[in-house]
Amino acid sequence: DQQVKQNSPSLSVQEGRISILNCDYTNSMFDYFLWYKKYPAEGPTFLISISSIKDKNEDGRFTVFLNKSAKHLSLHIVPSQPGDSAVYFCAASERTSGSRLTFGEGTQLTVNP
Amino acid sequence: NAGVTQTPKFQVLKTGQSMTLQCAQDMNHEYMSWYRQDPGMGLRLIHYSVGAGITDQGEVPNGYNVSRSTTEDFPLRLLSAAPSQTSVYFCASSYAGSYGYTFGSGTRLTVV
């Protein structure tokens, strides 16, 4: 069963506008969530994370929101830039399993100039 | 500081052949993992290790073996390659107790 789901395979936005990437999870034991960005022919790179004790975390242009009751998180990128075009993966972990990460399928973000 | 180094970057195998994907990290990370990435399926955990001498299975361990004799190295062995193992393989490492993994650049494996 897919415990972390990213239902949008792709998203296209204009430069300067907001990009919103969504992620849903089913495992209520997940208590830490991360977003990774991946360019072609490279490994994923860590972008931002959030603990289940928070509902928002910001880092520059990137903000992650967590809605625990809905088991939903989102990544907001404002303003979007062409260099943000990449595949974004949502990942989750539960404290009892250490650092095992469960990933979503990924969303291809394209930012058009 | 090289981070996580994976070799080779590309490999073509014939069905039934065996090989080892190498992974080394120079950050003194305790945790190391192997993932495979397939189209539309994200990254799936194959095996992981929380320290030298300790390994465990992930979501998709069948057909793969690992060992962790040193903190730095975590090789992934394909015992008898099958076309279903055609994928991009990523090795990753992190500090114990940290959730953020550092990934290598990947090995693209094709089994024909």
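This is a predicted model: local features need pLDDT of at least 70, side-chain atom pairs count only at pLDDT 80 or more; totals for chains, interfaces and linings use all residues.
Strands here are DSSP runs of E with at least two residues, and helices are DSSP runs of H or I with at least four residues, both numbered from the N terminus. Residues are numbered from 1 along each chain as its sequence is written, chains are lettered from A and ligands numbered from 1 in the order in which they are written, and side-chain values use heavy atoms, with hydrogens and water left out.

**View 1. Chain A as a whole.** Let us begin with the overall layout of chain A. Chain A contains 11 strands and zero helices, so a walk from its N terminus reads β-β-β-β-β-β-β-β-β-β-β. Its C-alpha atoms fill a box of roughly 45 × 30 × 20 Å along the principal axes. The radius of gyration of chain A is 13 Å, in agreement with the value near 13 Å that a compact globule of 113 residues would have; this radius is taken over C-alpha atoms, and the globule rule is 2.2 Å times the number of residues to the power 0.38. Of the 113 residues, 47% count as buried, where buried means under 20% relative accessible area, exposed means over 50%, and partly exposed lies in between (1.4 Å probe, protein chains only). Among contacts in chain A with a separation of 6 or more, 54% join residues 24 or more positions apart, a contact being heavy atoms within 4.5 Å.

**View 2. Chain B as a whole.** Now for the partner chain. Chain B has zero helices and 11 strands, and its C-alpha atoms fill a box of roughly 40 × 25 × 25 Å along the principal axes. For 112 residues, a compact globule would have a radius of gyration near 13 Å, and the 13 Å of chain B agrees. Buried residues account for 49% of chain B. Of its contacts with a separation of 6 or more, 53% are between residues 24 or more positions apart.

**View 3. Where chain A meets chain B.** At this interface, 19 residues of chain A are in contact with 23 residues of chain B. About 1600 Å² is buried between the two chains, and carbon and sulfur atoms give 61% of that area; buried area is the accessible area (1.4 Å probe) that two parts lose on being put together, summed over both. S99(A), R100(A) and F103(A) supply 35% of the area that chain A buries against chain B, more than any other three residues. Two elements of chain A, β4 (32-38) and β9 (86-93), each give two or more residues to the side that touches chain B. The largest share, four residues, comes from β4(A). By type, the residues on this side of chain A divide into eight nonpolar, five polar and six charged. Here Ala, Val, Leu, Ile, Met, Phe, Trp, Tyr, Cys and Pro count as nonpolar, Asp, Glu, Lys and Arg as charged, and the others, Gly among them, as polar.

**View 4. Close-up on F103(A).** Which residues does F103(A) touch, not counting those up to four places away in sequence? Within chain A they are Q2(A), V4(A), Y36(A), F89(A), C90(A) and A91(A), and from chain B come Y35(B), L43(B) and F103(B). F103(A) is buried, at 2% relative accessibility. The C-alpha atoms of F103(A) and Q2(A) are separated by 9.0 Å, although the two residues are 101 residues apart along the chain.

View 5. Side chains of opposite charge can pair when their charged atoms come close. A salt bridge here is a side-chain nitrogen of Lys or Arg within 4 Å of a carboxyl oxygen of Asp or Glu. The structure holds five of them over all chains, while the count between chain A and chain B is zero. K56(A) and E58(A) form one, at 3.7 Å from N to O; K56(A) is partly exposed, with a relative accessible area of 40%, and E58(A) is exposed at 52%. Another joins D84(A) and R61(A), whose closest N and O atoms are 2.8 Å apart. D84(A) sits in the loop between β8 (72-77) and β9 of chain A, and R61(A) in the loop between β6 (56-59) and β7 (62-67), 23 residues apart. D84(A) is buried, with a relative accessible area of 2%.

**View 6. A salt-bridge network in chain B.** R36(B) and D38(B) meet through their side chains in a salt bridge of 2.9 Å, N to O. Both of these residues are buried. Salt bridges that share partners join R36(B), D38(B) and R44(B) into one network.
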